[in-house]
Amino acid sequence: MTITITAFERSPDGGKGLARDTRLRWALEETGQAYEARLVSFAAMKEPAHLRLQPFGQIPTYEEGDLALFETGAIVLHLAQSHPGLLPGDANARARAIAWMFAALNTVEPPILDLVVAKFQEGDRPWAKERLPLVEDRIRHRLVQLAARLGDADWLDGAFSAGDLMMVSVLLRLRPSGILDEFPRLAAYVARGEARPAYQRAFAAQWAVNAAKPQAG
Ligand code: GTB
């Protein structure tokens with residue numbers, strides 16, 4: 001059955017792989033699933049046809065036969081549970097890998113998204129200069145804890161899993177800030193994720209869409 005995801009017609013990151021369709025592309029590649037990407041404009045995302053798939057008017061979405069899903073966490077989990085490659089066979093290890101997915105999305109990503117808001121949406125407010133270091137320190141606090149848990153291991157809990165896919169994807173969003181480089185273990189962890197052939201294919205697929213379309217301004 002054909003799998004179709006949606007992605008930006010033109011990603012604001014110009015092809016750096018930071019938009020969330022890259023997570024899906026990566027999970028699809030890790031699990032060996034062929035897929036098509038339907039590209040949508042910002043205007044089309046707010047139209048009823050897309051809102052039926054994604055109630056918040058965002059990308060990405062996932063369609064496979066009569067299944068339509070939104071939320072990257074739910075989609076990656078669906079792929080990981082439906083195909084071998086992203087979750088361990090042992091029930092407890094599987095549960096722990098899923099816990100790492102939730103940790104990436106619920107514990108590590110929120111302060112990182114807060115930084116995006118602080119810089120790009122609130123950067124011109126009179127209090128922005130005072131707020132920014134607080135936001136950055138909340139990220140550092142999480143990264144200290146994450147680096148301590150990772151230690152010298154390659155991945156968070158044994159073999160590479162959907163938990164690592166999600167954590168690496170979340171940490172990548174931090175790279176432009178320079179904060180990731182303050183944590184060499186985590187920077188190396190992210191680089192290991194990026195070096196995976198499945199990530200390389202995912203990155204190349206989104207690059208092929210976005211690199212050909214230079215950003216305005
Ligand atoms: N919780 C949802 C999920 O995980 O699926 C969040 C989806 C989401 O944030 N989608 C964004 C979107 O559609 C695109 S990925 N935004 C348009 C809108 O809300 O109107 C987030 C994103 C956007 C841009 C960059 N960038 O330029 O670097 C990176 C990531």
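Predicted model: local features only at pLDDT ≥ 70, side-chain atom pairs only at ≥ 80, totals over all residues.
Residues are numbered from 1 along each chain as its sequence is written, and side-chain values use heavy atoms, with hydrogens and water left out.

Polar contacts are pairs of N or O atoms within 3.5 Å. A ligand nitrogen lies 2.8 Å from a polar backbone atom of Ile-59. A nitrogen atom of the ligand is also 2.7 Å from an N or O atom in the Glu-71 side chain. An oxygen atom of the ligand is 2.6 Å from an N or O atom in the side chain of Thr-72. On its own, the ligand has 680 Å² of accessible area (Shrake-Rupley method, 1.4 Å probe). The protein covers 79% of that area.

Most residues other than glycine have a negative phi, and most peptide bonds are trans. A cis peptide bond, with omega about 0 degrees, joins Ile-59 and Pro-60. Pro-60 sits in the loop between helix H3 (48–51) and strand S3 (61–64). Helices (H or I, at least four residues) and strands (E, at least two) are DSSP runs, numbered from the N terminus. Glu-71 has a positive phi, near 75 degrees. Its place is in the loop between strand S4 (67–70) and H4. Glu-71 counts as partly exposed because its relative accessibility is 40%. The cut-offs are under 20% for buried, over 50% for exposed, and in between for partly exposed (1.4 Å probe, protein chains only).

Helix H6 (residues 128–150) has 23 residues. Its buried residues include Val-135, Ile-139, Leu-143 and Leu-146. An α-helix has 3.6 residues a turn, so residues three or four places apart point the same way. Helices H5 (91–121), H7 (162–172) and H8 (184–195) are among what covers the buried residues of H6. Just after H6, Gly-151 takes a positive phi of about 55 degrees.

The largest nonpolar core has 54 residues. Such a core is a set of buried Ala, Val, Leu, Ile, Met, Phe, Trp, Tyr and Cys residues joined through side-chain atoms within 4.5 Å. Met-167 and Leu-171 touch the most other members. H5 gives the largest share of this core, 10 residues.

Technical notes. Expected span 1.5 Å × (residues − 1). Contact = heavy atoms within 4.5 Å. Polar contact = N/O pair within 3.5 Å; in protein donor to acceptor, adjacent residues only side chain to side chain.
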